[in-house]
Amino acid sequence: MGIAVEHVSKSYGDFRAVDDVSLDIQSGSLVALLGPSGSGKSTLLRIIAGLESTDAGTISLIGRDATYQSVQERKIGFVFQHYALFKHMTVRQNIAFPLELRKTPPAEIQERVSRLLDLIQLAGYGNRYPAQLSGGQRQRVALARALSVEPQILLLDEPFGALDAKVRKELRTWLHNLHRNMNVTTVFVTHDQEEAMEVADRIVVMNQGKIEQVGTPAEIYDNPASPFVMSFVGPVNVLSIFPGSVSRWAGDRVWEDSDNWRLFLRPHDVEIVTDPVDDKALPATVDRIMHLGWEVQVHLKLEDGPSLTASVNRDHYHRLHIEREQQVYARPRSVRVFPLAT
C-alpha cells in the first residue's frame, strides 16, 4: 500500500474541512483529489504531507505509521501551485538545493540534476534563472526539484492552476508520461474535471469534507454514485420527474415522494430525432444552436416547459438539417434518477 488514510478529520474552528475520511492509494498509482473549493481536497493533501496535523485518524506511508512524523521524516516530494522557486538561483541550483541540504556528494548531485533536466526536457536551461522561463517551464523545474531526492510519494497541490489553458493541456500529457517513467506514487489536487479525467488512473471526488466516490475516470463518469458526482463531473441536464412528460423517461418504477427526485441526463445522451419514433420521443423546439468545433450543442425547450441541452457531432448535426425554432423530438439514450439529497 502506498498511502493509507484512516478516519482522518480536521477542523478549523467550527468548519469541518475533512470529515472522517478513509482512503487507500496503491503504490505506483496516479490519483487525483477532485472537488470544488472548500471540499477538503487540499487540506487532505497537506495532512498526508505533514504540513497539517490531524484532529483524529492516522496516516500510513509505504507501510509505516506517519501520523506524527515531521515533513522531513515523511520523505515526500511536494509541488505547490505557484512554483516556490528561488529567484536568485539558476535552474540547476534550484533542483540541486534539496540534495545539498542532505549533504549529497557533489558528483552525485551533478549527475542527478543533469538526469532530471533531461527528464523535464530542459537540458539546455540549467544556467537560466526562473524569471527567464515560461510558467510551464518553471512548473517543470519545481517538479524536478521535488523529484531530486527520489521520493517514494509525490504530492501536487493544483500544480497547473496558475497556467493558461494551452500550457495546462500540454503539462497534463507531460505529467502522465513522467509518472509512467518514474513510477512514483503520485497524488494531485485539482478542481478541473477534465484535468482529473485526462491525467489520473483513479479519481477521488470530494465534497464538504467527505469522499463521494473513488474510481477510474470511466467509473466516475459512467456510474456516478451520487447526484453531486454526476453534476460535478461532466455536463448534465437535471429535470424534475413530475409533473410533465419527462416522467416517461424515469422508467416504470412507482416514485414515492416524487417531488424529491430528479432525472439526470448527459447532453450526449439526448438524441434528437425529427419524427416521434416511440413514446419516449418528446416534442421540443430548437431554442439555440452553438457550434463548438467538432461538437454542436443544441438547446431544446420541451413542449411542456423544461429546457435541456443535447450534444451532437458535426456530421450528425448536418444530417439532421435543423435550425432555430424548428420542432423536433428529444429522447434519452441513458438516464439516472437521484433524490435531491443523499
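Modeller: Opposite phenylalanine 264 stands arginine 336, a residue of β18. The model is predicted, with pLDDT of at least 70 needed for local features and 80 or more for side-chain atom pairs, while totals for chains, interfaces and linings use all residues. Residues are numbered from 1 along each chain as its sequence is written, and side-chain values use heavy atoms, leaving out hydrogens and water.

Strand β12 covers residues 261-265 and pairs with β18 through four bridges in the antiparallel sense. Strands here are DSSP runs of E with at least two residues, helices are runs of H or I with at least four, and both are numbered from the N terminus; pairing requires at least two DSSP bridges between two strands. The open sheet has three strands, ordered β11-β12-β18, with antiparallel pairing. Because β11 (237-240) and β18 (336-339) each have a single partner strand, they are the edges, and one side of each lacks a neighbour in the sheet. From one strand to the next, the twist averages 35°; angles are taken between N-to-C directions, from 0 to 180 degrees, with axes fitted to C-alpha atoms, for helices over the stretch in contact.

Elsewhere, helix α5 (residues 135-147) packs against helix α6 (residues 165-182) at about 20°, the axes being 11 Å apart. The two helices are therefore roughly parallel, a term for angles under 35 degrees. Among the residues that meet are Leu143 of α5 and Trp174 of α6, where contact means heavy atoms within 4.5 Å.

Notes:
Parallel < 35°, antiparallel > 145°, perpendicular 65-115°, else oblique.
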